[in-house]
Amino acid sequence: MKSPFAVPSSHLLRPAALALVVALTLGSGSAWTQGSPDTPTLGSSPQALIEYARHSNPGFAAARAEASAAQERVTPAGALPDPTFEVELMDATNTMSGRSASLLPGQVGETRYRITQPLPGWGKRELAVKAAEAQATQADAMRDTSWAELAAKIETLWLRYYAADRELVLNREGLTLLKSLEELSLARYELGLLPQQAVLRMQREITAQRLALVEVEQRRKGLAAGLNGLLGRAHDAPLAAPADPAPLPEQLEAGALFEAAASANPDVNAAAYGIDVARAERERTYQDRLPDFAVGVRNNRPDEGKASWDVMFEVMIPLQQSSRRAREREAEYMLMAAEARREDARARATGELGIAWSMYAQGRETLRLLEHTLLPQAQATRDASQAALSSGKVDFDSVIEAERQLIDIRTQRLKAELDTRLALTEIKKLTGDLK
């Protein structure tokens, strides 16, 4: 099961001339062996890479930290504001007592100490907690969205890495086969059974095959460097050869997929939690119509006389109605925008899922035709042409053309498999199946 992110097919597999002449009887299982015990295991499957990236990718680490920071905002959101302490020096010039001016408490006409505690209006602290909790939940959803994107990127690159690795093996097998055919052509040329042009054509094909092999090797190295970058590793850190991925599902239920895209898609969930945030902020905005308060006590200490205590009660008067109404309208528009973003996310998710599902269905049908019809036919044609060449019934060009047709079929099959797996990974991402 593999990836999305519509990577152009021309960048995934480029079937150079005779690029994929595979071993005539080799199966896929024996062609790609694991290495020695010292060979790195990271890279053999996308699941291992994804799990590694969960702890090492710097971008996802930032998303996790932001989500944790949002959770820490919940507790202070419901806390009372800090109280204030004030010292007031009355008659600091000591005009009444005739002494010199002073800024020391107790050496002026009167010293007043005041402590004031602001008190938000009824229900404002609870609404602040509610808004902070909604923001924390949205931050978690955005973290999950970031993770789904990262996991999809890793699977996408791994699939391309897998395809390049298989193409590399096929190219090497093709080069070996071409060299054996070159030896056969030289032997026939020496016996006068083959014209020089056929030998030169075979040598040109070998050179083209070597060029294709260089291109695939460099592409594979580039893909490995890209995977290491997503894992937070050095670009040249070793990666294991990719193992065969899991078999493709025979059929996908479209109804269940579209239902999941509308409810479990990470972008849809993040947008839905954004509605909760907007609603909480709207409630807070309307609650600002109520006044805030403050209580305090004051200790008065005159230079001569007895100390006394005062008790204070303050009320914020909500007079600026025009600015409040503007903030209330802003909150309403923000809620409308949040609801529109959720619908937009749903529409995009279902639209992209429709494309991916269609590509997957097309890929499965293409694979079926290639594996059960065209590939056996091409193999039979190639075998027949080789047998006819041995008996002298066909010329060498007919053998090369039969090999070329088999190469094209195998190339198409590998490309169809890759495109189908890319579509499947896109489906998994859109339906929230990438964890």
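On a 1 Å grid over the protein atoms alone, a pocket is an open set of points with protein on both sides within 12 Å along at least five of seven lines, and its lining residues have an atom within 4 Å of a point. The structure is a predicted model, in which local features need pLDDT of at least 70, side-chain atom pairs count only at pLDDT 80 or more, and totals for linings use all residues. Residues are numbered from 1 along each chain, and side-chain values use heavy atoms, without hydrogens or water.

The second largest pocket has a volume of about 290 Å³, taken as the space filled by probe spheres set on the points. Its lining comprises 19 residues, among which Gly 274, Val 277, Ala 278, Met 334 and Arg 341 lie nearest the centre. Two or more lining residues come from each of helices H6 (124-190), H9 (266-287) and H10 (321-390), helices being DSSP runs (H or I) of at least four residues. H9 contributes the most, with nine residues.

Helix H4 (residues 58-72) has 15 residues and should span 21 Å at 1.5 Å a residue, which agrees with the 21 Å between its end C-alpha atoms; the expected span is 1.5 Å times one less than the number of residues. Phe 60, Ala 63, Ala 67 and Ala 70 of H4 are buried (under 20% relative accessible area, 1.4 Å probe). Seen down the axis, the buried residues of H4 fall within an arc of 75 degrees, so they line one face of the helix. An α-helix has 3.6 residues a turn, so residues three or four places apart point the same way. On the other side of H4, Pro 58 and Glu 72 are exposed (over 50%).

Definitions and conventions. On a 1 Å grid over the protein atoms alone, a cavity is a set of points where a 1.4 Å probe fits but cannot get out, and a pocket is an open set with protein on both sides within 12 Å along at least five of seven lines; lining residues have an atom within 4 Å of a point. The arc is that of the directions from the helix axis to the C-beta atoms.
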